[in-house]
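Keep the picture open while you read.

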Amino acid sequence: MKKILSIRGMGQVLTVTAGLIVLCIVFGVLNPSFFSGRNVANLLRQIAPILLIGIGQSYVLITGNIDLSIGSVVGMSCMISATLMTKGMNPWMAVGISIICCLLIGIVNGVLIAQFKLPPFIATLGTMTITRGVAQIVNNNYNTDSIGEAAKGFRDFFYYGKTLGLYNTIWIAIILWAGFNFILSKTRTGRHIYAVGSNVEAAKLSGVSVVGTTVKVYLISAFCASIVGLIICATSGMGTMDAGNMYEMYAVAASVIGGVSTLGGQGILLGTIIGAAIWGVLQNGLQFAGAPVAIRNIVIGLIVVASVLLDIIVRTGKPIKKVR
Amino acid sequence: MKGKLLRVLLGVVLVAVMLAGCGTKGGETESKKAEETDETYKVYLITMDQMDQHWVNLDKGCQEAVKELGNVEYTWLAPDVKDDAKQIESINNAIAGGANAIILAANGPDAVTATLEEAIADGIKIIYVDSPANTEGEATFSTDNEAAGKKAGETLLEALKAKDVTSGDIGIINASAASTSTVLREEGFRSAFEGTDFVLLETQYSEGDAAKSKDIAANYITAGCVGIFGTNEGSSTGVGNAIQEVGDSEVLGVGFDKSDTLLQLVKDGYLVASMAQNPDVMGYEGLKAAVEVLQGKDLAGKVIDTGVSVITADNVDDFK
C-alpha cells in the first residue's frame, strides 16, 4: 500500500476513485438499470472520448500550459473527414488527411507558445476560433451529407463495432492511454514534460528543450482531439460544424478531477481516467436519475472546484518530501 | 525609423475609421428617404447563429429572393453562438451599417425589445422569421412551432398505437431551454400526450449536438423508453442513430427538421417521421416582404405559417 501511495499524484487518484465508486452506487440505487449490461457498455463508450481529450489536456496542463483549441480541433477533424468522405474519398485517406491537419494546429500552438512566448490562454484562444472557422468553411458553412454506406467500415472501427465484447471506441481509448501513459511515466520525453511544468527555468538550464517539449505536448493534444473528431463523425454518420463545442472544458475538468494540477508539474494519467469516468458517470447517471439539467451543471461545477481546491490545499499545505 | 512607420500606420488606421464612420452616417440619412424608385435597399438578416443548418437554409432562401429582385444590398449577420446579448450586438451593427430593413429570428421574445424599438424609431422595418419577438413587426414568417410539436406527438402516438403500445416512458431530447422555438415544440409535443397512459420523462438537453444526443437517446433506450422525440436536427440525428444501433429495437423515434442524414434514417425506418420546416420559404418570403414594406406596402403585422411537412418512409423521396 505504501508503495502505491509513494507514487506522486496517487493520493488524489485514490480519493477520487473512492468518490467514483460512491457515485456509481448512488446512481445504481436511484435507478437499477444504471448497472445493466447495456448501460455499462454505453457508459464506457461515452467515457472513451472524454478520456482521450483528457489525455491531451493533461499533457498540456502538466507543462504548465493550457489548450483551449481542443474543442475546435475536434470539430475540424469531424468536418474534414466527413466532407472528404462525402466527396467520394476513401474513408481511411480522409482519416489520414484529417489527422495531419489537426497535427498542424498542434505545431502552431506549440510554436506560438514556446518560441514566440505567447501566453497559452491567448494563443490557444486564437487557434480555437481560427480552427472553428476552418470547420465551418470546409463544407461551405453547411453540415455535411451522410457519409454513406462506403464509410461503414470506418463507422464500425471508430464507434459501432465491437472487438472481444467491448466497443472499439473503448479499445482505442485504452490502447492510446496505455501508449501515452508509458511515454509520460517511463520515457525521457515524459520526464522533460514534468520538468518544464515544475520549473521551466531550471529545465532550460538543465538542457531540456522547452520549445521541443511544448510542441510535443500540443501535438499530442491535437492528435487526441483529432481521434475524438473521427469518433464523433463515425457516431453521427455526418459532419457537424459545431461538433466538439466546449470539449476543451470537459478535458480540463477530467484532468483536474483526476489530480492534474493547473499549476503544472503534477498529475498522472491514471487520474485522468478516473476524472473522465466521473464526468461520464455524472452525465449518464443524472439522466437515469431524472435530474433536471440545472442540477447536473451545478453538481459538475462543484466537483471541479472541489478538485482544484483539494489540489491547492495539498500543494501548499504538505511539506515536500526531501529527495535523498 | 520604426517609430515613424508606426505613426504612419496609426494615421492610416485613424483616417480609415473616420471615413467608415462618416460613410455609414451618410448612408443612413440617404436610405431613410428610400421610396418606390430604383433605390437599392439595405436588408440585413439576423439569425440566432451561423452554424445551425436551419439558418444556413434560411439565408439561402433570402439570397434567392435577392437574386430575383436585384435591388437589394443583402447582408447576413449572426453571433457565433445563440446568445441574447450577442444578438443585440448584431442588431446594433445592422443599424450602424445603415439597414433599411432587418429580418430577424429572435433568440428570445423580450431581450431585444429595447434595441428593436430604437431601430423602429430610426425608420427601420422589422420582419420576423422563425421566432418573433414581442415587439410588433411588419410581418412574421414562421413555423407554428407548438402546432408542429403537437403534430410530432400525434404522429408518434399513432405509430405506437399501431403497435398496440398504449403506455410506457417517452424521452425528449431538446436543444436548449433558452431557445423559444424548440421549447414550444416540446410543449406542443407534451400536449399531444395529455390524457394518455404514457409517462413523459424529464427532458434532456444536448445543445443540438448530434453525438451528445445519440448518447442521451441510447440511455433512454436502456432505461426502457418506448418512444423518443428530438426537437431539432441535431437531436433527431442522435435519436435515429441510437435506434439504428440497437437494430431490432421496439423504440420509435420522431424528429424535427430535414437533412440528408435524417432523410436516410427515415427511409431506413429508424425514425418514424420527421417534421420538416421550410426555412428557405421563410427566408424567401421574408425578404420579399421586407422589400414590399420598404416600397410602402402595409402588411399589418400578418403572421404566415410556413408550415411543416411530415416526412415518412412513404414520401421521403419527394424531399431529396
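Two residues are in contact if their C-beta atoms, placed from the backbone, lie within 7 Å. Keep that cut-off in mind for the helix pairs below. One more thing before we start: what you're looking at is a predicted model.

## Chain A as a whole

Let's start with the big picture. Chain A is built from 14 helices and 2 strands. Its radius of gyration is 20 Å, close to the 20 Å that the globule rule gives for 324 residues, so chain A is as compact as a globular protein of that length. If you follow the C-alpha trace along its principal axes, chain A spans about 60 × 55 × 35 Å.

What share of the residues of chain A count as buried? The figure is 53% of the 324 residues. Now look at the contacts in chain A between residues at least 6 apart in sequence: 78% of these join residues at least 24 apart.

## Helices 4 and 5 of chain A

Find helix 4 (residues 70-86) and helix 5 (residues 91-115) of chain A. Their axes come within 8 Å and cross at roughly 150°. Angles over 145 degrees count as roughly antiparallel, and helix 4 and helix 5 of chain A are therefore roughly antiparallel to each other. The crossing of this pair is right-handed.

Who meets whom here? Helix 4 of chain A brings Val73(A), Met76(A), Ser77(A), Ile80(A), Ser81(A), Leu84(A) and Met85(A).

## Helices 8 and 9 of chain A

Next up are helix 8 (residues 168-186) and helix 9 (residues 188-198) of chain A, with axes that come within 5 Å and cross at roughly 70°. Helix 8 and helix 9 of chain A are therefore roughly perpendicular to each other.

On the helix 8 side, the contact is made by Ile183(A), Leu184(A), Ser185(A) and Lys186(A). Helix 9 of chain A answers with Thr189(A), Gly190(A) and Ile193(A). By class, this contact has 3 nonpolar, 3 polar and 1 charged residues.

## A helix pair in chain B

Over in chain B, look for helix 7 (residues 210-222) and helix 8 (residues 233-246). The two axes come within 7 Å and cross at roughly 50°. That makes helix 7 of chain B oblique to helix 8 of chain B. Their crossing is right-handed.

Among the residues that helix 7 of chain B puts into the contact are Ala210(B), Lys212(B), Ile216(B) and Ile221(B). They belong to a group that meets residues of helix 8 of chain B, including Gly234(B), Thr237(B), Val239(B) and Val246(B). By class, the contact has 8 nonpolar, 6 polar and 2 charged residues.

## Where the chains touch

Now zoom out to both chains. Here, 29 residues of chain A are in contact with 28 residues of chain B. Which helices of chain A each supply at least two residues of the side that touches chain B? They are helix 3 (37-62), helix 11 (210-236) and helix 13 (269-288). Helix 3 of chain A gives the most, with 4 residues. By class, the side of chain A that touches chain B has 9 nonpolar, 17 polar and 3 charged residues.

Most residues other than glycine have a negative phi. You'll find Lys117(A) in the loop between helix 5 and helix 6 (120-137) of chain A. Is Lys117(A) buried or exposed? Lys117(A) is exposed, with 8 other C-beta atoms within 10 Å.

Glu207(B) also has a positive phi near 60°. Glu207(B) sits in the loop between strand 8 (204-205) and helix 7 of chain B, and with 18 C-beta neighbours inside 10 Å, Glu207(B) counts as partly exposed.

Last, look for Leu263(A), in the loop between helix 12 (247-257) and helix 13 of chain A. Leu263(A) is partly exposed, with 14 other C-beta atoms within 10 Å. Leu263(A) and Gly197(A) are 66 residues apart in sequence, yet their C-alpha atoms are 7.7 Å apart in space.

Conventions
Residues numbered from 1 in each chain as written. Chains lettered and ligands numbered in written order. Predicted model: local features only at pLDDT ≥ 70, side-chain atom pairs only at ≥ 80, totals over all residues. Rg over C-alpha atoms; globule rule 2.2 N^0.38 Å. Buried ≥ 20, exposed ≤ 12 C-beta atoms within 10 Å, placed from the backbone. Axes fitted to C-alpha atoms, helices over the stretch in contact; angles between N-to-C directions. Parallel < 35°, antiparallel > 145°, perpendicular 65-115°, else oblique. Left-handed = near helix turned anticlockwise from the far one by under 90°. Nonpolar A, V, L, I, M, F, W, Y, C, P; charged D, E, K, R; others polar.
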